[in-house]
Amino acid sequence: MAHGPAKGIGRWLFTTNHKDIGTLYLWFSFAMFLLGGSFAMIIRAELFEPGMQIIRPEFFNQMTTMHGLVMVFGAIMPAFVGLANWMIPMMIGAPDMALPRMNNLSFWILPFAFALMASTLFMEGGAPNFGWTFYAPLSTTYAPDTVNFFIFAVHIMGASSIMGSINIIATVLNMRAPGMTLMKMPMFVWTWLITAFLLIAVMPVLAGAVTMMLMDINFGTSFFDAAGGGDPVLFQHVFWFFGHPEVYIIILPAFGVISHIIPTFSRKPLFGYSSMVYATASIAFLSFIVWAHHMFLVGMPIGGELYFMYATMLIAIPTAAKVFNWISTMFRGSMTFETPMLFAIAFVILFTIGGFTGVMVAIAPADVQYHDSYFVVAHFHYVMVAGAVFSGTAAVYYWLPKWCGRMYDESMAKVQFWVSFVGFNVTFFPQHFLGLAGMPRRYADYALQFSDWNMVSSIGAFMYGASQLLFLFIVIRTIRSGTPVSEPKVWEGAEGLEWTLATPVPYHTFSTPPEVK
Amino acid sequence: MSRRANMLFALVLAPVMSLAASGKVLAEEAQRWAVNMPRGVTSVSNAIYDIHMIAFWICVVIGIGVFGVMFYSMYAHRKSRGAVAANFHENTTAEVVWTIIPALILIVMCIPATSTLLKVYDTSEAEMDIKITAYQWKWQYEYLGEEVVFMSELATPETEIYNTAPKSQYYLQEVSEPLVIPVNTKVRFLITAKDVIHSWWVPDFAVKKDAIPGMVNETWTSVDEPGVYRGECAELCGQGHAFMPIVVNVLEKEEYNAWLSEKKIEVAAIRELTKKTFTLDELMAKGEEAYNRSCASCHMANGEGIPGVFPGLKGSAVATGDISKHLDMVVNGVAGTAMQAFGGQLSEVDLAAIITYERNAWGNDTGDAVQPIDVLKFKQGQ
């Protein structure tokens, strides 16, 4: 093309290029991943042995809260937005995102949101300490004053997500190459299109929840205060009406990534493409009507409990269909096991285990025992870490050679995979046992019978944490001095428009649209 | 029996973990390396345990099938073994089958789940009622109709928590006074909270219910075997969340009746003390003990509070100013803040002792001695 990127810091501050913005999102999310991870390391170090050794219970609660918030809103969500920015235009044959200036804005308000939230760690009263689910009245009447910073930070993150979603929808619906009908779109594009609609639907609900908190705290309303005619349970309904779709917002793009990697390394087209699309859409629809399964113990009428139990179990059907499709894609393929494929296979196994425990916690009477115990902590880390984070890692290994024209070190990456895989399981598998044996979540200290598995879990956590530093090292080394690759199809079995472009990908691509047959 | 189920569970679920556990599954170690839910001592806990195990085994069987196919493909359909990729990418029959089979399995799982849930919710025909009120960070038990009410809070000393003393057997699972209930009796619990949301959980009973301020939730239990059962708060409720355990002492019916009549006498005796006049020193000694129990978790033992979260009392305007204002704050709490109304939680003697202590400790030295009768008059004068 006639011109490349601008010089100096201005390139990054004022860029409207989807690839630059994608890169910014990815680096930002990795920085947040390390920050949230360091909070997790503090948590696991404190839980290494019974008794309070390193921090006070008050600070422990700040750590669990900040860990959850930073990981969900700072690490995982922006990582997939970064991948969407990089890949969607390349996959649909568009020159850029539909709304490039808004794209710049939606990224650049994020660092301010997180600076606002993290700054509370250094303020009087400390950071948010009421859990990432911030149930009222612990997060309103009983919260430190710094809760107001948290509320504004959430507003900014929500605005960023909504802008990002509008951009993705506008791009996907208007800028596809001639001949690319909706049912010919790559799965990653499909999952993001659906995710973007979910985001637009629920981020305003979250904004509503935190605004009601702001009013209760500062302006004398009583939305969540029973003494003033409000209802603390209302908060949970509003929160989970956002919160349940939110977990699918996180996992659907991960499904998309896996639906590209498995066919590539099986050298066989994705099995059941159209059922994958319909399954994704049904999961998205169901996500709106199951929220109260997070609230089985608040004292709902039995009719409500039964409805939410049955509806939740339905989700297992489209999710299972996806797993069967991935396995059928592998079946009678011609498989090789490069690092992205290893992460994708680990994703299928571990996400399925998270799905199994998901069905178990959906059973309302059994949830009496599981609820708010470490069993739930284990469950959602199997779907969030082994689901979203593993798939994000797989995506980086898969597309990095395409992005920068250099190949990562395969054997080092395999070491990173195995350390992550073992570390992850040693951390979280014993947490199932802890929960079943009766250890509640968010405990700064615990009874003696929980000592052994906690120690095992902490050792696994340190291992998993170390493997992420190795990941950072591998990525930087690849970008600076990896073996150059130049063929457009970096992977033998890869299919799609993005692999028709030169490697490394030029700064501007598809200035004339390709033809899709 | 359940230990064998436990072992099976460990073998299937934790090939990696059981490596560490096996070899030394001594009797006393078994509980430490526990991997499964307790079967418990109520009909509900047994029913839930069964559902849990059914769901678990269904997952194991599906897992073996699904992962079996996957591992077979990973072995047999490798490029390095010369596998050539087939080109099929859909099969309507297969897709219909693997939609219907999970649906049927789910329906099968829903049947025992529904009947057990009906049982969990059936609080009718209870033989006695106990009201459980949660506070930051303790439980209050009130035997409705019996005029017996008391607080139950953590008995583990700070020295054990902060590692300056060795930890005792029931570290963080021991309380000042356990809940006492009779065996084989349907007890209904009415659960609420005064400040934030808590959750009352005793795993052996399979009872867990949120305690929500402004609402009263109902649940029940009927325990099959006498014994001491331990549980904990399951909903994040602030810095003392891990430090408000539950202990339930289940007694034979005669023993329970004896305990109840003794308890009633004790309650009456405490009420009698309200009329007594104490010296400043007596109030200070009682006050220090009661302050550390009920106030120090927020205002701190040194009276300095936690800046920005909980105000200090050392040299504060309230603790050195007008007595009636001080009384009002302690008895009625401060609306819209974390300061609870202690009037209903503590006896007049404790309230008087605490206020006296706060007015004289940490160099506050006002010399005021507030008597229990003053507190009573203040309450009645409202």
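Helices here are DSSP runs of H or I with at least four residues, and strands are runs of E with at least two. Keep in mind that this is a predicted model.

**Exercise 1.** Find which residues of chain A follow a cis peptide bond, and where they sit.

*Solution.* One cis bond links Ala136(A) to Pro137(A), with omega at about 0 degrees. Pro137(A) belongs to the loop between α5 (110-119) and α6 (147-174) of chain A. Another cis bond links Thr503(A) to Pro504(A), and there omega is about -5 degrees. You'll find Pro504(A) in the segment after β2 (483-484) of chain A.

**Exercise 2.** Decide for Arg332(A) and Ala206(B): buried or partly exposed?

*Solution.* Take Arg332(A) to begin with. This residue is not a glycine, yet has a positive phi of about 60 degrees, and its loop runs between α11 (316-330) and α12 (339-362) of chain A. Being buried takes 20 or more other C-beta atoms within 10 Å. Arg332(A) has 18 C-beta neighbours inside 10 Å, so it counts as partly exposed.

Now for Ala206(B), in the loop between β6 and β7 of chain B. Its phi is positive too, about 55 degrees, although Ala206(B) is not a glycine. With 29 other C-beta atoms within 10 Å, Ala206(B) is buried.

**Exercise 3.** Describe how α11 and α13 of chain B pack.

*Solution.* Begin with the axes: those of α11 (residues 323-332) and α13 (residues 372-380) of chain B come within 11 Å and cross at roughly 75 degrees. Angles of 65 to 115 degrees count as roughly perpendicular, so that is what α11(B) is to α13(B). Then list the residues: Ser324(B), Leu327(B) and Val331(B) of α11(B) meet Val375(B), Phe378(B) and Lys379(B) of α13(B). Sorted by kind, the residues of this contact are four nonpolar, one polar and one charged.

Definitions and conventions. Residues numbered from 1 in each chain as written. Chains lettered and ligands numbered in written order. Predicted model: local features only at pLDDT ≥ 70, side-chain atom pairs only at ≥ 80, totals over all residues. Axes fitted to C-alpha atoms, helices over the stretch in contact; angles between N-to-C directions. Parallel < 35°, antiparallel > 145°, perpendicular 65-115°, else oblique. Contact = placed C-beta atoms within 7 Å. Nonpolar A, V, L, I, M, F, W, Y, C, P; charged D, E, K, R; others polar. Buried ≥ 20, exposed ≤ 12 C-beta atoms within 10 Å, placed from the backbone.
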